[in-house]
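Please open the structure in your viewer and follow the selections below in order.

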Amino acid sequence: MKKEFFTIAKLLKENSRVLDVGCGDGELMKYITENITENVRGLEISKANIQKCIAKGLTVIEGDAEKDLKQFPSSSYDFVILSQTLQAFLDPEKVMNELLRVGKKAIVSIPNFGHWKVRLNLLFKGTMPITKNLPNEWYNTPNLHMCTIKDFVNYCDKKKIKINCPNLNYVNFFSELGIFIIEK
Amino acid sequence: MNKIDKIKKIVIEKPLKLDCGKTIQNFPLAYETYGKLNEKKDNAILVFHALTGDQFASGKNPITNKEGWWSYALGPDKAIDTNKFFVICANVIGGCMGSYGPSHLDNSTGKPFGTNFPVITINDMVNAQYNLLEYFNIKKLFSVIGGSMGGMQVLQFISNFPDKSHTVIPIACTASHSAQNIALNELGRQSIMADHNWMEGFYAENKKNPDKGLAVARMAAHITYLSKKGLQEKFGRKLQERDDLKFGFDADFQIESYLRYQGSVFVDRFDANSYLYITRAMDYFDLTKQFNGNLSKAFEKTSSKFFIISFTSDWLYPTPENREIVIALNAIGKNVGFVEINSDKGHDSFLLDIPDFLNAVKNYLETSYKKIK
């Protein structure tokens, strides 16, 4: 399992209600079900991934986070997880609002465009950066709204969303991925 | 001995109050079973059939000598694996495969009921079939499953008996029959009733049968079970055993010949009045209205796990109508999974060999069964 998922799982509480938005093939959900809480649901857009989730015995709803989060009642989950997809939505702000409405807390991870490798790439090569977390070319990347950790923290501050990120400048330079637990 | 007398039946002695206000009792309910009920009696699945289905879901139908309607999905090692599960399927009341229906004899006249048979609803069908749990001494089913009208029965069942099934699988259905579907059913009914052999429903005692009307009803309905793309790919404009158009009204095109065939074989196995009664039951189905416009309330009392399945090319019970059920369940935090299966075979997809569909059902049942153990 991806290292990121272990980090996310550690943020969850036992017996809490968890919604994994864009749960993919259900790897994280399966780990959470077996180790933390059985009360886990997924929302996933890919039919092939849903089949994999069903085979794992997971409860998943086919749907698009941008359209289908609205059917979930407010504060119906203790945690709503969104892993590395915020930047791929047409309207990330709308999705953020929905995550914070449905979940008492949201766990959001973002690939950091402020990482030093990305900065060097752009500075010296003069091309869009390609890294482990950003593997695509500019013309075929699903990422529409790239941001840095600093951008994300600034956004949360501006919108009065509670977020905790000590040593922001340091983290923004050295982290490839930001994982945050946020709440309204 | 008549073939129809060999059908397994229970006689329901308890009075059943129908939605129309009438009460019926001592009436037969025909059923079939597949697989074995285990000692703990925790492996039973109740399968509900669709409009023209019957209790012979799998294997050879002894009356028609054709494969059961759900042979792709139900049987040993199949999606609903009868090596593991005990499956019960009953003929709905109003039907014509041994259960109490309009072709049944009315003891007060000695003649078939015809249109003197009471109008029945999906709710009545489900309440009648509930007696099978008592008959088999099953406290709680493992699953209730059905497609199309079978899916409507699944929804009504769990609403009526919220603690009687661990899992609930409505497929390609709706919680409230749409205007388009009522319209299509009305087309079929009018076709039957326009046949002068229908005789206000009393054709049997007059030794007639409204074959033509029933065949046209089936032809029209059959089109709605397919998709435009499916029809185009299978038939296109291909001609039927001829090199050129004949400038007449014979079946020039393969699609015409196919539909005529579908109509003609249907009248051999289905009763015209049953078609009227069952389509009416579908039209009357509105679970949302039963709960004063709030579908969520229908499921409030159940802690069952739901798995809802729709098909991309199904325009009769399209994905948005299936999704409404998902939304109603989500609104009250129920355990609900949902997938829309890719298929260009239209509404009929749930009856066909669609691997993504069959795998999803198999995996869902088997992983869920392990959890109740």
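**The nonpolar core**

Begin with the largest nonpolar core, which has 148 residues; Val80(A), Ile45(B), Ile80(B) and Val87(B) touch the most other members. Such a core is a set of buried Ala, Val, Leu, Ile, Met, Phe, Trp, Tyr and Cys residues joined through C-beta atoms within 7 Å, where buried denotes 20 or more other C-beta atoms within 10 Å of a residue's own, these atoms being placed from the backbone. At least three residues of this core come from each of domain 1 and domain 2 of chain B. The model is predicted: local features need pLDDT of at least 70 and side-chain atom pairs pLDDT 80 or more, whereas totals for chains, interfaces and linings use all residues. Residues are numbered from 1 along each chain as its sequence is written, and chains are lettered from A and ligands numbered from 1 in the order in which they are written.

**The domains of chain B**

Next, select 3-177 + 287-372 of chain B as domain 1, and 182-279 as domain 2; these bounds come from an automatic or database domain assignment. Their centres, taken over C-alpha atoms, are 26 Å apart. Contact (C-beta atoms, placed from the backbone, within 7 Å) links 26 residues of domain 1 to 20 residues of domain 2.

**Where the chains meet**

Finally, display both chains: 14 residues of chain A are in contact with 20 residues of chain B. Which element gives the most to the side of chain A that touches chain B? Select H3(A), which gives five residues; this helix spans 47-55 and is a DSSP run (H or I, at least four residues), numbered from the N terminus.

Note on methods: Two residues are in contact if their C-beta atoms, placed from the backbone, lie within 7 Å. A residue is buried if 20 or more other C-beta atoms lie within 10 Å of its own, exposed if 12 or fewer, and partly exposed in between; C-beta atoms are placed from the backbone. Helices (H or I, at least four residues) and strands (E, at least two) are DSSP runs, numbered from the N terminus.
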